[in-house]
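Please look over the sequence and the structure below before reading on. The notes that follow are a short briefing on the fold.

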Amino acid sequence: MLKIDAHTHILPKKMPNWSEKFGYGDFIYLQHHKQGYAKMMRGNQFFREIKDNCWDADVRIEEYKQYHTQVQVVCTIPVMFSYWAQPLNCLDLSKFLNDNLAKLVDKYPKQYVGLGTIPMQDTELAVKELARIKKIGLFAHAGGSFLPTIGRIEHGFNCRPDLVAIDNNENPRKYLGKFWVDCVTHDPLMLEYVLKLQGSKRVVLGSDYPFPLGDLEIGKFIEDMNLAESVKEDIFCNATLEWLQLSKEDYITK
Ligand SMILES: [Zn+2]
């Protein structure tokens, strides 16, 4: 069965030292201090250590093989978004990251799908970069999680509309199944609940790879669950294919 991991992160191996380049700010850069590892620095402060599976496309593909997962949807790491920076500098940074992703997807069209980043602090620049990333073959990132609290949210909507329904008179329950969520729950019971609310066409396999809080067995717990094959297939590929409007044939390697 085709398995697509819709939630993973990647960085370019080499990046400019943005703080030096722009002359301000605690931007992230990488110090490759030993073979296969790098320190993520935030300004001059150590932020966290990462391994080569954070930047090396081939290492990642190898690691994914053991979990029978053929495709990774990659985006940068949220700490790179830099929405606090001056808009033009953030645009520079976003372009660098997006071009890097585009190169990756170009080289490995069957293994990687790229989600771009845009300078959200400036609408005009954001829209421009969004148009450009579509041209270079990337997608924009989406997300959301209000399922475990939907009961309380709906209750608030019904009994205190003066507080909760100020800008919107749609019952929040109407949004269920209208957006995609990933399955990083580490918990079969919670996943069953999410599936009930969302339907299997709106739940994607996602791992948060390569970070330790993610599901680094890439959905093995789902394989072990007693779900219909068609539900597993929805989660493992169909939901993501629909979300990003991709065709299955483009990713099946013969
Ligand atoms: Zn993540």
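This is a predicted model: local features need pLDDT of at least 70, side-chain atom pairs count only at pLDDT 80 or more; totals for chains, interfaces and linings use all residues.

The chain has 254 residues, and its secondary structure comes to nine helices and eight strands.

**Confidence**
- The mean pLDDT of the chain is 91, and 97% of the residues reach 70 or more.
- Among the elements of the chain, helix H2 (residues 57-65) has the highest mean pLDDT, at 97.
- The lowest mean pLDDT among the elements, 80, belongs to helix H6 (residues 161-164).

**Overall shape**
- The C-alpha trace spans about 50 × 50 × 35 Å along its principal axes.
- A compact globule of 254 residues would have a radius of gyration near 18 Å, and the value for this chain is 20 Å, which agrees.
- Buried residues account for 29% of the 254 residues.
- Of the contacts with a separation of 6 or more, 60% are between residues 24 or more positions apart.

**The sheet of S1, S5 and S6**
- Three strands form an open sheet in the order S1-S5-S6, and their pairing is parallel.
- S1 and strand S6 (112-114) stand at the edges with a single partner strand each, so one side of each has no neighbour in the sheet.
- Neighbouring strands of this sheet are turned by 30° against each other on average, with direction ignored.
- Strand S1 (residues 4-9) is joined to strand S5 (residues 71-75) by four bridges, and the two run parallel.
- S1 is mostly covered, as six of its six residues are buried.
- As background, strands of a sheet pair through backbone hydrogen bonds, in either a parallel or an antiparallel way.

**The hairpin of S3 and S4**
- Strand S3 (residues 37-42) pairs with strand S4 (residues 45-51) in the antiparallel sense, over six bridges.
- Arg42 has Gln45 in S4 as its bridge partner.
- Two residues lie between the strands of this hairpin, and Gly43 takes a positive phi near 60°.
- A further point of background is that side chains in a regular strand alternate between the two faces of the sheet.

**Two pairings to compare**
- In which sense does each pair of strands run? S1 and S5 run parallel, whereas S3 and S4 pair in the antiparallel sense.
- How many bridges join each pair? Four bridges join S1 to S5, and S3 and S4 pair over six bridges.

Methods:
Residues are numbered from 1 along each chain as its sequence is written. A residue is buried if 20 or more other C-beta atoms lie within 10 Å of its own, exposed if 12 or fewer, and partly exposed in between; C-beta atoms are placed from the backbone. Two strands pair if DSSP finds at least two bridges between them. pLDDT is the predictor's confidence in each residue, from 0 to 100. Axes are lines fitted to C-alpha atoms, for helices over the stretch in contact, and angles run from 0 to 180 degrees between N-to-C directions. The radius of gyration is taken over C-alpha atoms; the globule rule is 2.2 Å times the number of residues to the power 0.38. Two residues are in contact if their C-beta atoms, placed from the backbone, lie within 7 Å.
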